Amino acid sequence: MITVRHASDRGQANFGWLQSRHTFSFGSYYDPHHMGFSALRVINDDIVSPAAGFDTHGHRDMEIISLVLEGEIEHKDSQGNRQTLPAGEFQLMSAGRGIYHSEYNASSTQALRFLQIWIEPNEQGGEPGYQQKDFGKQAGFTVIATPTGENGTLRIKQDARLLQLILPPSESVTLPLEAGRHAYVHQVAGPLDVETTSLAPGDGAKIEDIHHVTFSNKGNETSQALVFDLP
């Protein structure tokens with residue numbers, strides 16, 4: 001079964017310096033029918049004005065993934081990490097027993113756009129952690145995060161995998177899912193068909209009770225999506 005969450009149906013917030021679209025309930029946006037999916041709790045599509053950002057604030061017991069789509073994030077945290085996250089790179093911050101951080105638009109002239117993703121961990125507490133990596137944009141599936149950090153992937157504290165899918169026009173690829181597993185697709189750019197269901201940028205799709213999922217690009221531009229393999 002495939003259930004679509006259209007981009008236009010997402011919650012939204014506008015604070016002047018920040019415009020955000022919420023796939024799931026977040027902040028002042030509450031929808032009891034969209035509280036998350038399996039361990040996936042948040043997908044926010046954020047646009048931050050130049051030289052603005054999130055002041056220092058705290059998190060705990062959450063795996064927080066960021067993917068910059070346009071611009072750069074200036075990141076600082078209580079573990080001493082001071083990093084710049086450019087477009088195309090993935091960041092995974094494990095909040096563990098508690099971490100404080102700030103995120104700013106590194107540019108004084110250009111807007112920042114990034115995806116903020118929260119995944120609930122399968123262990124509580126522990127040492128906070130920070131990981132950052134550019135995985136490139138090769139065609140097909142690229143595994144970004146795994147529970148073990150195998151093959152240079154980011155290590156996530158959950159029985160979950162995050163994959164990036166880059167699909168040129170007229171190409172297709174199939175992803176096997178083990179029995180009892182769930183998947184969620186967030187469409188980042190271009191068109192994508194998930195089986196016979198069409199997605200546009202900003203759309204999402206829950207996938208349940210399907211063991212082999214075929215992704216196809218029937219459009220004229222390259223497709224980019226994030227695919228979550230979840231318990």
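In the predicted model, the largest pocket has a volume of about 210 Å³. Its lining comprises 16 residues. Leu18, Phe26, Asn44, Phe54 and Gln116 lie nearest the centre of this pocket. By residue class, the lining divides into 8 polar, 6 nonpolar and 2 charged residues.

An unreviewed UniProt entry lists residues 10-119 as "domain: Pirin N-terminal". Over this stretch the chain is 59% strand and 0% helix.

A separate paragraph concerns an open sheet. This sheet is formed by 4 strands, in the order β16-β21-β18-β19. Their pairing is antiparallel. β16 (172-176) and β19 (197-199) stand at the edges. Each edge strand has a single partner, so one side of each is left without a neighbour in the sheet. On average, neighbouring strands of the sheet are turned by 25° against each other, direction ignored.

Within the sheet, β18 (residues 192-194) and β21 (residues 212-216) run antiparallel. The two strands are joined by 2 bridges. Val194 has Phe215 as its bridge partner in β21.

Technical notes. Residues are numbered from 1 along each chain as its sequence is written. This is a predicted model: local features need pLDDT of at least 70, side-chain atom pairs count only at pLDDT 80 or more; totals for chains, interfaces and linings use all residues. Side-chain values use heavy atoms; hydrogens and water are left out. On a 1 Å grid over the protein atoms alone, a cavity is a set of points where a 1.4 Å probe fits but cannot get out, and a pocket is an open set with protein on both sides within 12 Å along at least five of seven lines; lining residues have an atom within 4 Å of a point. Grid points are joined across faces, edges and corners, and a volume is the space filled by probe spheres set on the points. Ala, Val, Leu, Ile, Met, Phe, Trp, Tyr, Cys and Pro count as nonpolar, Asp, Glu, Lys and Arg as charged, and the others, Gly among them, as polar. UniProt positions are given in the numbering used here, feature names are shortened, and annotations may be inferred rather than shown by experiment. Two strands pair if DSSP finds at least two bridges between them. Axes are lines fitted to C-alpha atoms, for helices over the stretch in contact, and angles run from 0 to 180 degrees between N-to-C directions.
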